[in-house]
Amino acid sequence: MDIIKALQQELNIGREQVEAAVKLIDEGNTIPFIARYRKEQTGALNDEVLRNLDERLRYLRNLEEKKEQVLSTIREQGKLTPELERQILEAATLVAVEDLYRPYRPKRRTRATIAQEKGLEPLADLISLQMTNEPLEKAAQAYVSEEKGVASAGEAIAGAGDILAERISDEAKYRTYIRNITMEEGTIQSAAKDEKAESVYEMYYNYEEPIKRAAGHRILALNRGEKEKVLTVKIAAPEADLIRYLEKQVIVRDNPYTSPVLKAVVDDSYKRLIAPAIEREIRSQLTETAEDGAIKVFGKNLHQLLMQPPITGKVVLGWDPAFRTGCKLAVVDETGKVLDTVVIYPTAPQNKVTEAKAILKKMISQYNISLISVGNGTASRESEQVIVELLKEIPGKVQYIIVNEAGASVYSASKLATEEFPNFDVGQRSAASIARRLQDPLAELVKIDPKSIGVGQYQHDMNQKHLGEALQGVVEDCVNKVGVDLNTASAPLLEYVSGISKALAKNIVAYREEHGAFQSRNQLLKVAKLGPKAYEQCAGFMRIQGGSNPLDGTSVHPESYEAAGKLLKKLGYEPEEIGAAGLKDIGKKIRDYKSLAQELEIGEITLRDIVNELEKPARDPRDEMPKPILRTDVLEMKDLTPGMILKGTVRNVIDFGAFVDIGVHQDGLVHISQMANRHIKHPMEVVSVGDIVEVKVLNVDVAKKRIALTMKL
């Protein structure tokens with residue numbers, strides 16, 4: 001197989017682009033580095049395309065390796081024909097290779113192998129060829145043997161039938177046809193093990209849907225219901241048609257002695273061997289496709305969440321709400337440093353509201369707090385009521401926001417949190433995290449396992465290795481898009497930088513603590529075990545503000561410093577003029593990028609990137625994202641009425657809709673059918689996590705805590 005050609009066709013990009021990307025990946029370059037600093041070679045392929053290419057490259061290389069193993073095994077058996085070799089070499093999937101390999105794979109002991117041991121293969125051949133002109137019982141009599149354990153002619157015929165049934169099952173052409181027809185015309189069905197029992201799976205108690213139309217989230221729901229022993233799930237195929245197809249393939253002529261036996265053999269082969277195997281394969285394929293879709297949605301949601309704009313320049317009060325154990329508070333200054341922590345008890349059972357308000361008023365005044373970040377967990381609504389009352393009683397302008405606290409408890413109990421806050425308990429750590437994830441969501445959320453952040457669906461039911469790898473890639477892309485401040489970044493943040501491992505991240509922090517702030521990117525080469533390759537991969541994503549070289553504060557890579565210096569000199573600028581504001585008019589001074597790039601001995605794309613960066617040094621792509629909604633008043637579910645129009649923040653996007661925070665304790669659901677006045681295949685065509693949307697209330701079910709919303713205004 002020409003892997004480069006296959007990738008070119010799959011990804012719909014140029015052959016030269018694929019060849020360049022594969023070469024760069026094989027040389028050990030990271031995806032963020034290739035996407036940002038090797039645009040000339042790849043034709044500016046973005047990180048999403050590069051990750052798809054990397055994943056498919058690994059799959060296709062595994063496929064070629066599998067083909068070699070299979071060909072070698074069959075060749076050793078002396079059974080490799082030119083036609084079979086051609087079929088294996090042309091196979092486009094691992095499933096197709098497995099189908100072709102099946103007849104030659106070493107088998108465990110089956111009914112067919114037992115029959116072969118009894119010497120019944122010649123009888124099976126006789127039946128298969130349909131050449132006999134006498135009753136089979138007569139021909140089978142020759143195979144009756146007490147020594148071999150064949151007691152009668154009937155037993156001999158049954159054993160020969162087992163051999164034929166397995167041969168039919170092993171035929172790649174038959175399996176491919178049956179699999180395709182089952183996928184195209186079959187249905188997936190489920191039923192309740194106990195119809196009287198109430199559960200979240202009630203819609204699947206008597207469910208049937210064509211396989212080709214089964215949505216990923218329903219497949220994952222069925223799998224979970226089956227795993228929890230609430231549902232039975234099966235694949236229903238057009239059995240009669242498929243058995244008729246097999247009969248036509250197997251019974252080549254009408255023979256009164258062999259045809260009835262072959263019909264029974266076909267029936268047995270399909271029902272006992274082929275159908276159960278095809279069902280397992282299809283269920284596995286449906287699950288894999290559903291998981292891939294769910295992982296993609298989770299990844300996009302996570303990307304949007306991590307790229308939420310930071311709220312800078314504010315002292316924030318982090319509020320971890322609770323009932324019995326009290327609400328934990330942490331005051332965090334503009335740089336993320338924790339100034340104070342306290343526990344208050346305004347919620348049940350203590351209900352010390354007056355005392356709590358007094359403490360809050362004192363803290364707000366003492367630390368000049370302008371924003372309160374409240375976790376959305378247990379006692380969040382009750383805490384919100386207290387905050388709203390408090391804001392009406394104080395003179396200054398203080399706002400609050402409900403923050404998704406998913407993963408805060410995981411972080412607060414982690415080894416990392418213990419190292420960061422050795423003198424705090426888990427509640428204090430959680431409150432600090434809730435405040436910081438508002439100040440800089442990316443820097444704080446990278447400390448948490450991405451799977452615990454809670455912006456996906458069925459994440460605990462899928463391949464955890466695949467999910468983990470995909471989400472790690474998303475976090476890596478986000479961190480490198482934003483860049484990190486080399487002198488303030490934590491080790492957990494640094495380890496997502498291109499080329500930096502967990503050990504190197506710790507070494508960078510240790511070097512910083514021992515030698516003080518980095519003055520130049522070149523100093524990274526003095527960090528233990530950080531060699532030239534790691535430096536090449538990471539340097540462009542590390543920022544140093546106020547260092548010895550102004551270019552160190554930009555995303556211009558050190559390999560382009562010489563070209564950048566020549567550019568500045570040619571256009572009449574000094575490097576010191578770059579500053580935080582940038583050189584806003586530099587682009588206007590360039591009339592011909594192509595000739596200037598040639599003069600500077602760099603690519604035109606690289607030149608444009610350098611100019612863009614000099615115009616706006618270290619620009620933060622998060623600034624373009626919608627800002628979170630800050631509140632000063634509270635809504636309750638009982639306040640909502642159908643027709644009410646509100647602004648809300650998209651908290652999670654799933655296959656069938658999106659959950660929107662409209663300022664009440666319960667997020668509302670905008671079903672996919674209520675998202676646009678046109679047909680859409682997936683909610684992500686319309687919304688992303690963090691979007692600010694205008695919605696109308698359709699209905700409210702207070703008892704079930706359900707709010708139905710529409711975006712069709």
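I take helix axes as lines fitted to C-alpha atoms over the stretch in contact, with angles running from 0 to 180 degrees between N-to-C directions. Helices (H or I, at least four residues) and strands (E, at least two) are DSSP runs, numbered from the N terminus.

I am working with a predicted model, in which local features need pLDDT of at least 70 and side-chain atom pairs count only at pLDDT 80 or more, while totals for chains, interfaces and linings use all residues. Residues are numbered from 1 along each chain as its sequence is written, and side-chain values use heavy atoms, with hydrogens and water left out.

**Entry: H7 and H12**

I looked up how helix H7 (residues 94-101) packs on helix H12 (residues 172-185), and found an angle of about 140° with the axes 8 Å apart. The two helices are therefore oblique to each other, given that angles under 35 degrees count as roughly parallel, over 145 as roughly antiparallel, 65 to 115 as roughly perpendicular and the rest as oblique. Val95, Asp99 and Leu100 of H7 meet Ala172, Arg175, Thr176 and Arg179 of H12 in this contact, where contact means heavy atoms within 4.5 Å.

**Entry: H26**

Which residues of helix H26 (residues 561-570) are buried? I list Tyr561, Ala563, Ala564, Leu567 and Leu568, with buried meaning under 20% relative accessible area, exposed over 50% and partly exposed in between (1.4 Å probe, protein chains only). Seen down the axis of H26, these buried residues fall within an arc of 160°, so they line one face of the helix; the arc is that of the directions from the helix axis to the C-beta atoms. The face turned away from the buried side of H26 carries the exposed residues Glu562 and Lys569.

**Entry: cysteines**

I searched the whole structure for disulfides and found 0, a disulfide being a pair of cysteine sulfur atoms within 2.5 Å. For Cys478, the nearest cysteine sulfur is that of Cys538, 19 Å away. Cys478 counts as buried at 0% relative accessibility, and Cys538 is buried with a relative accessible area of 0%.

**Entry: Ile680**

I placed Ile680 in the loop between strand E13 (668-671) and strand E14 (692-701). At 5% relative accessibility Ile680 counts as buried, and, not counting residues up to four places away in sequence, Ile680 touches Ile672, Met675, Glu685 and Val686.
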